[in-house]
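Thanks for asking me to look over this structure with you. Take a moment to turn the model around before reading on.

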Amino acid sequence: MSVPKNPGLLEEGGEEESYGMEESMDPELYRATTEGDILEFITAMEHGTLDRHYQSSAGCVQLGPRKNTVLHIATSCGHYEIVKLLCKDLPFYVAEKNSKGDTPLHIAARVGDSLLVTLLINCDLREGALELENEERNTALHEALGHRHQKVARILIDRNRSAWYSVNKEGKSVLYLAAEAGFVGLVKLLMENPAGICRVEGRIKNKSPVHAAILGKHIDVLRILWEKDQSSFNLRCDEGRNALHFSASVGFLDGVKFLLSNFCAATYQRDLCGFFPIHIASSEGHVDIIQGILQHCPDSRELLTLQGQNIFHVAVKSGNDKAVSSMLKLPELEKLLNEKDDEGNTPLHLATICWHPRIVSALTWDERVDLELGNKDGLTVLDIAEEYKETMASFRKRLTWMALRVAGAPRSPHANLSRQTSSAGQNAELENYKDKVNVVLLVATLVATVTFTAGFTVPGGYNNSDPDQGMATMLAKLKFQEFVICDTIAMYSSIIVTVTLICAQLGDLSSMHVALKLVVPLLAIALAMMSIAFMAGLYVVVNTVSWLGNIILVMGSNVVIVLAALFVPLCFLGSSNCRIFCRLSYFPFRLLLYAFGSYTERDESED
């Protein structure tokens, strides 16, 4: 029972008006408690408001707005003298709960103050006070273990070894929390308690102590649990995963080895998704776990998911290129590289369908991978890339297609039959090609304009006197001649591109397609020549300062290399089946993949 919320506000009948009001504590008492002033606290206890409302009985407890007693406040502030005084004179305070259901013991256990906990449990507690639960159904022991306070947890356990520990709202028992924290001694102590630690609710499948030890990667705890209760290792979560599934998922190699040595049958158990533990390890990219499972159970490499997929299928679907590259180095997995799932897809098919360019590149350049295999629909990997690559495909999808072209992946002879599109699709493709033509036309026009202007404003200017009046002043210099040649090539190349695209716009879809194939190499040449012309022209006028001239040459050369890396794949991959061109495109493609790898990963996560 609390004191009146505000003694001055009473109705005519003497009843308190409580609408919209909160509990309030005597200001002097509250101030003395929070500041830890023991003398002021004692004075407040003996005089003032407390004289009217406190008679040292459990029925007269003054509360704050959050229903905290003075013992709650003193405990949270860590004022030992006040806590000691209250435990001695008013022990019933220890069992009082605030608005969240916390007793002072909950608060002390949560902060891990062993002295406060000792003071609170050594007072004259009523029976069962240690087992009081808050709104989260946590006892003080739950709070201590959940916040990793081993010393406090040990004090609470020693106080009542025969306590019947409940499960909190999250379904976690104290044994689960101890296993999760890795407290080996406490786990052993709790497992030896016959009074209810092994209670059914404490071992519910989603919060098994075994799973807690695995998630925390505590091998010593796992050994104790096996020694004390092997039946708990048969528990599965809602997803149907056993202990080995969990170990494979988190990459707990020591746990995997322990389970394989003592509970090998778990290797051949599926979860509800049809995955065996080795598939989980594959999807998470834990190659060391895969190797560990194969060493103990070599036939586990033949395990398939419900879709008939092996561990390579699962690995490529996850998109972990480093894991796939590591798995390619394992000779025992060689026979899995070209296996087909229920849809007839090989791992390379799936990597293409999922648009993982790095994995596609790794697989296509492995000589053991057959690039000509078709799925149930007779489609090769290149057919799939071209079948499902939209008109406005993302850069990640284009890189995947380029990876197949670089490796020389063939098309199926029957693939063209499946590429017939509707009239609506053809119209969309036509509009897309028109947009592409307009973009290239705009760039070519700009190049022609710039190079034309540069041809009549040459570096160094012209002679104004005989006998070479009107001639370029730097005509004899090699770099100037290089400037003139490159500028001329860029000018005429851009003009050819412009005229070709103007004619293409007057034709149909096929004419635009052919025109783009022809003009892209020319545009690349025009841009490269314009860059070289700029570099040569600038060098001519600053070469007297050697360091500045060298910087210009280095920067210009790097730009030309980047242009080559960007345009070589675009120029040759889509227009030629010649394996030589494809091989020549490998290094520019790898540069692209390296440069834009982070972009493709972000693109993948957004999809």
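Here are my notes, point by point.

1. Please keep in mind that this is a predicted model. The mean pLDDT of the protein is 81, and 79% of its residues reach 70 or more. Two stretches call for care. Residues 198-203 have pLDDT below 50, with 13 contacts in the model beyond near neighbours in sequence. Residues 602-607 also fall below 50, and there the model shows seven such contacts. Where pLDDT is low, the predicted coordinates should not be read in detail.

2. Next, the overall make-up. The protein has 30 helices and zero strands. Of its 607 residues, 46% are buried. The accessible surface comes to about 30,200 Å², and carbon and sulfur atoms account for 56% of that. Taking contacts between residues at least 6 apart in sequence, 71% join residues at least 24 apart.

3. Now for the inside. The largest nonpolar core has 115 residues, and those with the most contacts inside it are Leu145, Leu156, Val187, Leu222, Phe233 and Leu363. Helix 10 (residues 174-181) gives the largest share of this core, seven residues. As background, nonpolar side chains in soluble globular proteins tend to be buried together.

4. Leaving out residues up to four places away in sequence, Phe233 touches Val210, Leu222, Leu225, Trp226, Ala243, Phe258, Leu259 and Phe263.

5. Finally, the cysteines. How many disulfides does a search of the whole structure find? The count is zero. Take cysteine 273: the nearest cysteine sulfur belongs to cysteine 237 and is 9.7 Å away, whereas a disulfide needs two cysteine sulfur atoms within 2.5 Å. Cysteine 273 is exposed, with a relative accessible area of 53%, while cysteine 486 is buried, at 8%.

Conventions. Residues numbered from 1 in each chain as written. Predicted model: local features only at pLDDT ≥ 70, side-chain atom pairs only at ≥ 80, totals over all residues. Heavy atoms only, no water. Buried < 20%, exposed > 50% of the residue type's maximum accessible area, 1.4 Å probe, protein only. Core = buried A, V, L, I, M, F, W, Y, C linked by side-chain atoms within 4.5 Å. Helix = DSSP H or I, 4+ residues; strand = E, 2+ residues; numbered from the N terminus. Contact = heavy atoms within 4.5 Å. pLDDT = per-residue confidence, 0-100. Areas by Shrake-Rupley, 256 points an atom, 1.4 Å probe, with all protein chains shown as cover.
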